Amino acid sequence: SPIAAGEITDQQLLGFAPADITYLATGGYFGHGVNLWLGEGADVIDVTTARVDDVTTIYGNQGDDTVTFAVTALPRLFVVHGDEGSDTIDACIRLRV
């Protein structure tokens, strides 16, 4: 079973803590981007939107992690470090027709 199962949006981290985490860079961007360090288990992460004006980075750490990146707008930069384990990273851009 996953240790962390959550969703990342351009303004929220959902399911990683007892309450949702909301973040916003008023009038700009974050100095070092948005960084998420996961634990040692088999984490399952869905990325539904990402910041278009900043860098978003996920560090999978140990475990067989699954990261699904399916967004409708291209972020500035999105980085996934799978690290140790047999990780699955699935990325696509969903076009609105």
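The dialogue below goes through strands, core, contacts, aromatic pairs and salt bridges in a predicted model.

Me: What should I know about the model before reading it?
Reply: It is predicted, so local features need pLDDT of at least 70 and side-chain atom pairs count only at pLDDT 80 or more, while totals for chains, interfaces and linings use all residues. Residues are numbered from 1 along each chain as its sequence is written, and side-chain values use heavy atoms, with hydrogens and water left out.

Me: In which order do the 6 strands of the open sheet stand?
Reply: Strands of a sheet pair through backbone hydrogen bonds, either parallel or antiparallel. Strands here are DSSP runs (E, at least two residues), numbered from the N terminus, and two of them pair if DSSP finds at least two bridges between them. The order is S3-S2-S1-S5-S7-S9, with mixed pairing. Strand S3 (21–22) and strand S9 (88–93) stand at the edges with a single partner strand each, so one side of each is left without a neighbour in the sheet. Within the sheet, strand S5 (residues 44–47) and strand S7 (residues 66–71) run parallel and are joined by 4 bridges. Ile-45 stands opposite Val-67 in S7.

Me: Which strands pair with S6?
Reply: Strand S4 (residues 34–37) runs parallel to S6 and is joined to it by 4 bridges. Strand S8 (residues 77–81) also pairs with S6 in the parallel sense, over 5 bridges. For orientation, Val-34 has Thr-56 as its bridge partner in S6, and Tyr-59 stands opposite His-81 in S8.

Me: Why is strand S6 described as largely enclosed?
Reply: Burial is read from relative accessible area: buried means under 20%, exposed over 50%, and partly exposed in between (1.4 Å probe, protein chains only). In S6 (residues 55–59), 4 of the 5 residues are buried, so the strand is largely enclosed by the rest of the structure. One case is Thr-56, found in S6 and buried at a relative accessible area of 3%. Contact means heavy atoms within 4.5 Å. Leaving aside neighbours within four places in sequence, Thr-56 is in contact with Val-34, Ala-50, Arg-51, Leu-77, Phe-78 and Val-79.

Me: Which residues touch the most other members of the largest nonpolar core?
Reply: A nonpolar core is a set of buried Ala, Val, Leu, Ile, Met, Phe, Trp, Tyr and Cys residues joined through side-chain atoms within 4.5 Å. The largest one has 14 residues, of which Ile-8, Ile-45, Val-47, Ile-58 and Phe-78 touch the most other members. S4, S5 and S7 each supply at least two residues of this core, and the largest share, 3 residues, comes from S7. Not counting residues up to four places away in sequence, Ile-58 touches residues including Ile-8, Leu-36, Ile-45, Val-67 and Phe-78.

Me: What does Leu-36 touch, not counting residues up to four places away in sequence?
Reply: Its contacts are Ile-8, Leu-13, Phe-16, Thr-57, Ile-58 and Tyr-59. Leu-36 lies in strand S4 and counts as buried at 13% relative accessibility. Leu-36 and Phe-16 are 20 residues apart in sequence and 9.9 Å apart in space, C-alpha to C-alpha.

Me: How many aromatic pairs are found in the whole structure?
Reply: Rings of Phe, Tyr and Trp (its six-membered ring) pair if their centres lie within 6.5 Å; planes under 30 degrees apart count as stacked, over 60 as edge-to-face and the rest as tilted. The search finds 2. One of them is the stacked pair of Trp-37 and Tyr-59, 3.8 Å centre to centre with 10° between the planes. Trp-37 lies in strand S4 and Tyr-59 in strand S6, so the pair ties together parts that are 22 residues apart in sequence. Trp-37 is exposed, with a relative accessible area of 57%.

Me: Which residues are linked in a network of salt bridges?
Reply: A salt bridge is a side-chain nitrogen of Lys or Arg within 4 Å of a carboxyl oxygen of Asp or Glu. The structure holds 2, and Arg-51, Asp-53 and Asp-54 form the network. The closest N and O atoms are 3.1 Å apart between Asp-53 and Arg-51, and 4.0 Å apart between Arg-51 and Asp-54. Arg-51 is buried at a relative accessible area of 6%, as is Asp-54 at 2%, whereas Asp-53 is partly exposed at 34%.
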